[in-house]
Amino acid sequence: MQIKRIQHLQEQMKLKNIDHLLICDPLSINYYLDYRNNPGERFYLLNIHQTKAPTLFLNRLFPEPQSFNSHLNIIWYNDGENVIQLLSNTLSGNVIGIDKFWYSHFLLDLMKNCPTYQYTNGSLLVDHQRSIKTQEEQVLMAEASRLNDLTMEKIINQVKFGYSEEKMVDLLGQFYTSVGSKGYSFDPIIAYGANGADPHHDTNQDTPEPGDSVIIDIGSFYQNYASDMTRTVFYGQPSEEAITVYNVVRKANEAAIAMIKPGVTFSEIDLTARNIIAEAGYDEYFTHRLGHFIGQEAHEAGDVSQHNHAKAEVGQVFSIEPGIYLPNKLGVRIEDLVIVTENGCKVLNNISKELIIIEPE
């Protein structure tokens, strides 16, 4: 149980005049309690009060926690029991913060049962706290990325054999197991040539043609923390246009990383990369935000986009992943994860960004 995290959240609740914060996201509950559960459709909720010990609502079919103490109350319930009434009995004050992921039928029942409360989005406080990684979390994320680097090296070495995209993903799973990572943090993307013009290409049975770009966007988990990175290599000699596109994307990636430090807005970081791509004439082919936050999930709340004017803070971890996608031709994306430090940032990925041409065997 992470008592200091709960105390920090309670202090933020006092500043925002939120009397109770109802958390249902299993990963957020794990963040505060070190207790993992997959509730499915059943009611599963952590009620954080401003000053009192939190209360966890658990169905009796859920596993019994082993590590809790007097800092946490547990209310057990059975299938079919009026759990909304049980929750209502624990509420007081005026303002109730609601988890953004809470099923609407639970919220509607609560609002009907307790119409006098003011309801607000409580996830803003949780999301911000989760975005600031502790030193322990940073160590885990650095290790997750180190293992991802090792896996990237292994999968790049397979490009020369001309395997299908699906075969490459099969090999990827084996490589993750071999280095000590667990599963995929998102569906891997291996995209050859024109397939890479779709940033979220669904891997298929296509094999590479000479000169094709090869986008490799992969990530896994290490001790429940996610990794994510992208490299683009070439299967045989690429065209001059492809080389130009690659160099522009790399320049955008490195320029954005170079300016990251506390106090710089995410919109400024995004525009640094976006302007480089625009100056090269490819602005319409960069179709997504520059990056996303990451932690227990590959995509967490927060992004690096031209519309996010929040300022970077020490301990935040996010991706920098510019790309250019030319329809029916090719795609190039280069992605690194960074941690914001006191004076700049630390890049978690160390795979070379030099243009790599792999000769077919």
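Leaving aside its neighbours within four places in sequence, Ser-123 is in contact (heavy atoms within 4.5 Å) with Ile-98, Asp-99 and Lys-100. The structure is a predicted model, in which local features need pLDDT of at least 70 and side-chain atom pairs count only at pLDDT 80 or more, whereas totals for chains, interfaces and linings use all residues. Residues are numbered from 1 along each chain as its sequence is written, and side-chain values use heavy atoms, with hydrogens and water left out.

Ser-123 is found in helix H5, where helices (H or I, at least four residues) and strands (E, at least two) are DSSP runs numbered from the N terminus. With a relative accessibility of 5%, Ser-123 counts as buried, a term that means under 20% relative accessible area, against over 50% for exposed and partly exposed in between (1.4 Å probe, protein chains only). Seven of the nine residues of helix H5 (residues 123-131) are buried, so this helix is largely enclosed by the rest of the structure; the buried residues include Leu-125, Val-126 and Asp-127.

The axes of helix H6 (residues 135-156) and helix H7 (residues 165-179) come within 9 Å and cross at roughly 140°, the axes being lines fitted to C-alpha atoms, for helices over the stretch in contact, with angles that run from 0 to 180 degrees between N-to-C directions. H6 and H7 are therefore oblique to each other, given that angles under 35 degrees count as roughly parallel, over 145 as roughly antiparallel, 65 to 115 as roughly perpendicular and the rest as oblique. On the side of H6 the contact is made by residues including Leu-147, Leu-150 and Ile-155, and on that of H7 by residues including Met-168, Leu-171 and Phe-175.

An open sheet of three strands has the order E7-E10-E11, with antiparallel pairing, and two strands are taken to pair if DSSP finds at least two bridges between them. Strand E7 (182-184) and strand E11 (225-226) are the edge strands, each pairing on one side only. H7 touches E7 and E10 of this sheet, and its direction makes about 155° with that of E7.

An open sheet of four strands has the order E8-E9-E12-E20, with mixed pairing. Strand E8 (189-192) and strand E20 (357-358) stand at the edges with a single partner strand each, so one side of each is left without a neighbour in the sheet. Here H7 touches E8 and E9, and its direction makes about 145° with that of E8.
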